[in-house]
Amino acid sequence: MPRLTPEELQAARDRVVPDVVAEGLHVLFCGINPGLMTAATGHHFARPGNRFWPALHRSGFTPRLLKPSEQGELPTYGLGITNVVARASARADELSAEEYREGGRLLARKVERLRPRWLAVVGVTAYRAAFDDRKARVGPQSLLIGDTRVWVLPNPSGLNAHWTLETMAREFALLREAAELPDATGDPSP
């Protein structure tokens, strides 16, 4: 990935990154909002320290480690990516409570239209804010959006030091197993 200048990153502020979606996905992953690297490149979870792509692979969702630039391959595995809040920012704490609530409403409409089997929100704080569920924890939720079940995954940002790549991959694997998807890596043990 080419190195971006601070000016190029700042120019990406407030951009919207297109979703990677299709109807009837197995799992629609939902980030908080695009970071500046994601907005500048147009590739979800593009910051080098972000652990989304490694966790996705290690958990068995994909047969190999995909690069952010290969995000277009996700629908071939029955996977997609969207965000709670569409606009890019340097940090998630730049988003307002109303942006989260409105993002949750728009996300629910998107899920009703696309009908994935599972919505996987990566970030418990974002899920709590978007769906007004202060007691939510990582794991399956009681919320249903139409027939879509909801799972909250840990935030894959490198800043979330509470979760290691290994513990994060185990949580992703639990979702894969709940979605009744085979291990794409061919590894019989999660």
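Biologist: What covers the buried residues of α6?

Modeller: This is a predicted model, in which local features need pLDDT of at least 70 and side-chain atom pairs count only at pLDDT 80 or more, while totals for chains, interfaces and linings use all residues. Residues are numbered from 1 along each chain as its sequence is written, and side-chain values use heavy atoms, with hydrogens and water left out. The cover of α6 includes β1 (27-31), α3 (52-58), β3 (118-122), β4 (139-145) and β5 (148-153), where helices (H or I, at least four residues) and strands (E, at least two) are DSSP runs numbered from the N terminus.

Biologist: Which residues of α6 are buried?

Modeller: Residues three or four places apart in an α-helix point the same way, because there are 3.6 residues a turn. In α6, Leu165, Met168, Ala169, Glu171, Phe172, Ala173, Leu175 and Arg176 are buried, meaning under 20% relative accessible area, as against exposed at over 50% and partly exposed in between, with a 1.4 Å probe and protein chains only.

Biologist: How far apart are the end C-alpha atoms of α6?

Modeller: The expected span of a helix is 1.5 Å times one less than its number of residues. The 14 residues of α6 (165-178) should therefore span 20 Å, and the end C-alpha atoms are 20 Å apart, which agrees. Glu180, which follows α6, has a positive phi near 60°.

Biologist: In which sense do β4 and β5 pair?

Modeller: Two strands pair if DSSP finds at least two bridges between them; β4 and β5 do so in the antiparallel sense over 4 bridges, with Pro140 opposite Trp151 in β5. The two strands form a hairpin with 2 residues between them, and Gly146 in the turn has a positive phi of about 65°.

Notes
Contact means heavy atoms within 4.5 Å.
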